[in-house]
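Dear colleague,

I am handing over the structure below, and I would be glad if you could look it over before reading my notes.

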Amino acid sequence: MFSWFGKVSFVSYTKVSDFAVHLKDGRMMGSVCKDCGYTTFPPRADCPQGLSGNFEFKEYSGKGKVFTHTTISAAPTGFEDVAPYTIVVVELDEGGRLMAWAGDTVPAKELKIGIPVQVVPRIFEDSPEIKLYYTVEKPGATWKKAPAPHLG
Amino acid sequence: MSRVGVIGAGHGVFGRRSDATVQELAFEAFRLAIKDAGISRDDLDATVVAAVPEYHKQRSVAGVVQEYLNLNPKPTWLTEVACASGSAAIRTAWMAIKSGVHQVVAVIGCQKMTEMATAEILALMGRVGEVQWESIFGSTFPGYYAMFATSHMHEFGTTHEQMMQVAVKNHFYGSKNPNALFRKEIQLDKAMNSDAVASPFCVYDCCANADGAACLILAEESRAKALSKKVVWLDGVGCATASMSVLRRPNLVGLPSAVEAGQQAFRMAKVTAKDVKVAEVHDCFTIAEIMAYEDLGFCKKGHGGKFIEEKRSYIGGEVAVNVDGGLKAKGHPIGATGVSMAYEIVKQLRGESGERQVPNADIGLTHNVGGIGQYTFVHLFRRD
C-alpha cells in the first residue's frame, strides 16, 4: 500500500504503511508513541526516545508555516514531465515537518519562509494506478475526507 | 602515541574520462603517489579504497583496483559515506595505523561517474535525501542545497551574487590547476544568468560530475621518518553525523555535523580556526562553501556572504580556500574528492603548489561533506 505514496515510489513496505490508506481517504497521519507521548511527522513506528515500538497514528490538521522552498528546473528521472515544480518544506503546527509541492493557490513567487499554509492531500487523477501526494495551499483550503475506516 | 604522516601523494586529471576504467584511473594516481613517496609496493601493508558503488557497473571496486595495482594478497576494503568517502578512507587508514595493525597504508579515492546520464545521476543523488518521505516529490541534490540557500538568504540577507562569487573565485584558481576539469575563469554576470537548476541556483552554482582518482600514502611516525624527508602530519581528525532527512534538522543555515567534526579536529590538533592558512572545503554548491566558512569558525554564522565578497578566502586573505579550484572547478568524482582535498593540502604544506602557493602554509584543513551533511569529516594537517 505504501507504494501508493508518491509520483515515483521507492518504498513498498514499512511499519507505517497505513499512512497511505489514510492519505487516500484525505487524512494526514503523524505518529504518537503510546509509551512516552512523543509525537512526530512523518510518522515513525519506533520511538527515537525510549525505543518503544508501541505507536498509534494521530491525525494532523495540515496547518503549518513555510520552513524553506526551492523550484526545481533540472528534474530527475520520473519527474521530467512535471518540471519546473516547487518543493516546500512545511513546519507543522502539531510538530514535525513535511515536504510537499506548492499547489496552484501558492505561486512560487509568493512563497516566503514563515508564511502560514495549509497542506492538502491529493491524488493523481490521470494516473491508472493510485498515486498520492500533498500540496501546499493558502490557509483555509478544504478537501474531501472519506469516513474513517477500521484499520487493523 | 605516535603520529600518522603523509609520505606520498598522487593526483590524476579530473574530467570526462571516457578513455579509462575506474581501475585505470586509480592506477594513475597510485603510480604518482608511490613515485612521490619514493617507496616500492612492497612497503605497503594495506590499501583503503574510497568509491561510491552505485555509479559503477563493476561491483566491489576495491577488489578490481587491488588486482590492477598488483597488490594481492595484501588486504583492502572499501569505505562509503557518499561524497565524503575519500575522507572516510583516510580516517580508516589513520585508525589502522594508530591501532598498530598496519604501518604503511595507501588510500585510493576513485570514481567513474560519467557512465550514467545526468538525469539518472540526478535521480540517484536525490536519493541521498530520505526516499520514503522526500524523494517522491522529485527532490534533487542541487534542490537540497538550494533549500539551505533559501534559508540562509532569508535569515542573514546573503545574496545570490555573494554565492556566485564563490564560483568566480574557484574557477579563477581552477584555471591554474592542470588537474582541474574546468580550466577557464568565469565572469559574475554571465554566471548569474546561466540556466536555472533549482532556485536560487543556476548552472554555475553547481559543481560538475567527473571521473578521476587521487592517492595518499600514510605511515606510522617512525616509518614515515625513515621513508621520507617531507612528511606532512595528519594531527587532527574529526567526524560527525546529522539526520538523513532535512525534515529532522534543527535549521537549514549550516551543517551541525561540520561544526562538531571541526571542533573535534581542532581539539585533537590543538589549533584553532585562526591558525589555518589553507583550507579545502566541500563546495559542491556555492552556498556550501559559505556555510563551511561559518561552520568551521573562519567567520561568524551569517557572515559567510560578506567573507567571500571581501575576498577574505583568496590567497592573501585570512585563509586561502579551495585554491585548487574546489569541487566547483576541479570537478567532483565523489569517491576521489576527499583524497584530492588532502592531496592539495599536502602539496601546499610542502610548498609545491607553484603559482597557487599559499605563503607560509604550515597548517591546512580539509572539510569533506557526505550528502547534505549527513556525514562530515574534518582533517588537520601540519608540517614541522
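With 152 residues, chain A would have a radius of gyration near 15 Å if it were a compact globule, and its value of 16 Å agrees with that; the radius is taken over C-alpha atoms, and the globule rule is 2.2 Å times the number of residues to the power 0.38. Please bear in mind that this is a predicted model, in which local features need pLDDT of at least 70 and side-chain atom pairs count only at pLDDT 80 or more, while totals for chains, interfaces and linings use all residues. Residues are numbered from 1 along each chain as its sequence is written, and chains are lettered from A and ligands numbered from 1 in the order in which they are written.

As for confidence, the predictor gives the complex an ipTM of 0.95 and a pTM of 0.97. Chain B has a mean pLDDT (the predictor's confidence in each residue, from 0 to 100) of 96, and 100% of its residues reach 70 or more.

Chain A contains 1 helix and 8 strands, where helices (H or I, at least four residues) and strands (E, at least two) are DSSP runs numbered from the N terminus. Along the sequence their order is α-β-β-β-β-β-β-β-β. The C-alpha trace of chain A spans about 45 × 35 × 30 Å along its principal axes, and 38% of its 152 residues are buried, a term that requires 20 or more other C-beta atoms within 10 Å of the residue's own, with C-beta atoms placed from the backbone.

Strand β8 (residues 132-137) of chain A has 5 of its 6 residues buried, so it is largely enclosed by the rest of the structure. Two strands count as paired if DSSP finds at least two bridges between them. β8(A) runs parallel to β6(A), with 2 bridges joining them, and A:V136 in β8(A) is the bridge partner of A:A102. Strand β7 (residues 116-123) of chain A pairs with β8(A) in the antiparallel sense over 6 bridges, and here A:V136 is the bridge partner of A:V119.

The contact between the chains takes 31 residues from chain A and 30 residues from chain B, two residues being in contact if their C-beta atoms, placed from the backbone, lie within 7 Å. On the side of chain A that touches chain B, β4 (63-72), β5 (85-92) and β6 (97-102) each supply at least two residues.

In chain B, B:R91 lies in helix α3 (residues 85-98) and counts as buried, because it has 23 C-beta neighbours inside 10 Å.

Best regards

Definitions and conventions: Buried ≥ 20, exposed ≤ 12 C-beta atoms within 10 Å, placed from the backbone.
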